[in-house]
Amino acid sequence: MHLTAASMQVSQQDFEKAQEQLKLLKKDPGNEVKLKLYALFKQATEGPCNSPKPGMLDFVKKAKWDAWKSLGSLPQDNAKQKYTELVSGLISAESSSQVPGAAAEEGRHDGYENIIVNTQNNITKITLNRPEMKNAISHEMYREIMKALEEAAKDDSTIVVITGNGDYYCSGNDLKNFTNIPADAMEKMAKEGEALDFVAHFIDFPKPLIAVVNGPAVGISVTLLGLFDLVYASDMATFHTPFSQLGQSPEGCSSYLFPKIMGAAKANEILLFNKKLTAAEACAHGLVTEVFPNRTFQKEVWARLKAYASLPKNSLAISKQLLRGVEKEKLHAVNSQECEVLKERWLSDECLNAVVAFFQRKSKL
Ligand SMILES: CCCCCC/C=C/C(=O)SCCNC(=O)CCNC(=O)[C@H](O)C(C)(C)COP(=O)(O)OP(=O)(O)OC[C@H]1O[C@@H](n2cnc3c(N)ncnc32)[C@H](O)[C@@H]1OP(=O)(O)O
């Protein structure tokens with residue numbers, strides 16, 4: 001690739017170094033980020049997109065073209081700067097969001113396979129730990145999260161944090177949950193009260209519960225955010241609830257909380273029409289408390305959480321109960337109704353076909 005710019009905020013050398021660093025990334029950054037990188041690189045090296053729009057059915061080329069076109073007239077030097085920042089963000093996220101695999105990690109709780117739980121500095125951290133599956137939540141993982149929440153409710157911690165290991169926060173329900181049990185998978189899912197019980201753990205959780213959303217969030221990991229007390233997000237996080245695409249319906253009390261938080265018009269766009277939000281949009285609509293640059297995300301968020309965790313524990317828990325108490329009964333009723341509808345959805349052809357289509361998808365970016 002030939003680069004031409006001479007006077008740029010980011011030197012040619014830094015830009016080229018970023019391209020090299022990108023190759024060293026151990027983790028696949030994911031399509032969303034790949035598109036952003038592609039667009040910024042093209043803008044930085046060729047300027048605004050003037051190439052003809054690819055045909056509607058050429059999905060990959062069209063996605064790339066859209067991403068590049070969306071940068072409009074962003075100057076080349078700005079694109080170069082953003083590209084370099086994005087790469088360094090990915091590198092630092094890789095080194096800081098990788099949870100040390102060592103069982104020797106201080107305060108680590110034993111007995112979990114799919115999550116890592118540790119308590120330190122008055123904070124119990126629950127890390128979703130299936131990075132190769134984008135932290136999709138399997139049956140076993142649902143059970144582990146419930147167990148971890150039950151233990152965290154009783155332990156010495158003042159606040160409890162949920163985050164993800166790797167580039168994703170969580171890709172939602174593991175769609176293999178529908179396929180692992182032969183033949184009667186959907187029926188079994190529908191009969192088990194797992195979803196109801198899982199969401200109830202969040203409604204009833206007695207301490208401040210904070211989501212540290214390190215990357216994209218999908219499905220139930222988004223809807224549940226309405227039940228958290230704080231949501232901090234990296235600027236690389238996105239929020240997507242593709243329920244109608246999947247022949248499913250909203251859960252996690254989102255059918256009640258999302259319109260309340262962001263107004264009916266926006267909630268409809270998100271929950272009915274699969275509109276994916278950027279972190280900045282989710283923050284503007286009240287789902288996210290604050291967004292941080294990915295480069296400094298872990299450092300800034302954990303410094304803040306440590307300060308919060310030194311506040312008086314009982315006062316925090318009592319105040320949370322006051323805030324939540326008025327709505328608890330309503331939230332359980334909403335959860336119950338959402339799960340009833342979901343059970344029917346899981347038995348529908350629309351849902352079955354969507355799950356089959358996911359596992360049959362061929363073309364990836
Ligand atoms: C108690 C039950 C309560 C249930 C409540 C109802 C909950 C509803 C929901 O959560 S609906 C949302 C369900 N989630 C999805 O639809 C997301 C599906 N995944 C994807 O669309 C993509 O994987 C992606 C956009 C998250 C990431 O794309 P990409 O960056 O291209 O990565 P890969 O697709 O290659 O993913 C890597 C690897 O992970 C597997 N995987 C990712 N997410 C899921 C998932 N949710 N279920 C199952 N498997 C998932 C993916 O298949 C790849 O595996 P492979 O390499 O192909 O073996």
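Between which strand and which helix is the place of Cys-253? In this predicted model, Cys-253 sits in the loop that runs between strand S7 (238-240) and helix H9 (254-262). The legends below start with the whole chain and then move to single regions.

**Figure 1**
The predicted model contains 14 helices and 9 strands. The domain assignment divides the chain into domain 1 (12-97) and domain 2 (115-358). Taken over C-alpha atoms, the centres of domain 1 and domain 2 are 29 Å apart. Of the 365 residues in the chain, 39% count as buried. Among contacts between residues at least 6 apart in sequence, 77% join residues at least 24 apart.

The largest nonpolar core has 88 residues. Tyr-83, Val-161, Ile-210, Val-213, Val-231 and Ala-233 have the most contacts inside this core. At least three residues of the core come from each of domain 1 (12-97) and domain 2 (115-358). In soluble globular proteins, nonpolar side chains tend to be buried together. Not counting residues up to four places away in sequence, Ala-233 touches Val-213, Ala-279, Ala-282, Val-288 and Val-291.

**Figure 1. Residues around the ligand.**
The ligand is surrounded by 24 residues. The closest are Ala-136, Ser-171, Gly-172, Asn-173 and Gly-219. By class, the shell has 11 nonpolar, 7 polar and 6 charged residues. Helix H7 (residues 194-203) gives the most to this shell, with 3 residues.

Strand S2 (123-128) is largely enclosed by the rest of the structure, because 6 of its 6 residues are buried. Both of its faces are covered: one side carries Ile-123, Lys-125 and Thr-127, the other carries Thr-124, Ile-126 and Leu-128, and all of these are buried. Strand S1 (residues 115-120) runs antiparallel to S2 and is joined to S2 by 6 bridges. One of the residues to look for is Ile-116, whose bridge partner in S2 is Thr-127. S1 and S2 form a hairpin with 2 residues between them. In the turn, Asn-121 has a positive phi of about 50°. S2 also pairs with strand S3 (residues 159-164), here in the parallel sense and over 6 bridges. Leu-128 stands opposite Gly-164 in S3.

Lys-134 is found in the loop between strand S2 (123-128) and helix H5 (139-154). Its phi is near 55°, a positive value in a residue other than glycine. Lys-134 counts as buried because 22 C-beta neighbours lie inside 10 Å. Asn-135 lies in the loop between S2 and H5. With 30 C-beta neighbours inside 10 Å, Asn-135 also counts as buried. Leaving aside neighbours within four places in sequence, Asn-135 is in contact with Leu-128, Arg-130, Gly-164, Asn-165, Gly-166, Tyr-168, Tyr-169, Cys-170 and Ser-171. One of these contacts, Gly-166, is 31 residues from Asn-135 along the chain, and the two C-alpha atoms are separated by 8.4 Å.

**Figure 2. The open sheet S5-S7-S8.**
Three strands form an open sheet in the order S5-S7-S8, and their pairing is mixed. Strand S5 (217-218) and strand S8 (277-278) stand at the edges, each with a single partner strand, so one side of each has no neighbour in the sheet. S7 and S8 run antiparallel and are joined by 2 bridges. Thr-238 stands opposite Thr-278 in S8.

Cys-253 is placed in the loop between strand S7 (238-240) and helix H9 (254-262). Phi of Cys-253 is near 70°, a positive value in a residue other than glycine. Cys-253 counts as buried, since 26 C-beta neighbours lie inside 10 Å. Asn-214 is in the loop between strand S4 (209-213) and S5. Asn-214 is buried as well, with 29 other C-beta atoms within 10 Å. Asn-214 and Asn-118 are 96 residues apart along the chain, and their C-alpha atoms are separated by 18 Å.

Note on methods: Residues are numbered from 1 along each chain as its sequence is written. This is a predicted model: local features need pLDDT of at least 70, side-chain atom pairs count only at pLDDT 80 or more; totals for chains, interfaces and linings use all residues. A residue is near a molecule or strand if its C-beta atom, placed from the backbone, lies within 6 Å of it. Helices (H or I, at least four residues) and strands (E, at least two) are DSSP runs, numbered from the N terminus. Ala, Val, Leu, Ile, Met, Phe, Trp, Tyr, Cys and Pro count as nonpolar, Asp, Glu, Lys and Arg as charged, and the others, Gly among them, as polar. Domain bounds come from an automatic or database domain assignment. A residue is buried if 20 or more other C-beta atoms lie within 10 Å of its own, exposed if 12 or fewer, and partly exposed in between; C-beta atoms are placed from the backbone. Two residues are in contact if their C-beta atoms, placed from the backbone, lie within 7 Å. A nonpolar core is a set of buried Ala, Val, Leu, Ile, Met, Phe, Trp, Tyr and Cys residues joined through C-beta atoms within 7 Å. Two strands pair if DSSP finds at least two bridges between them.
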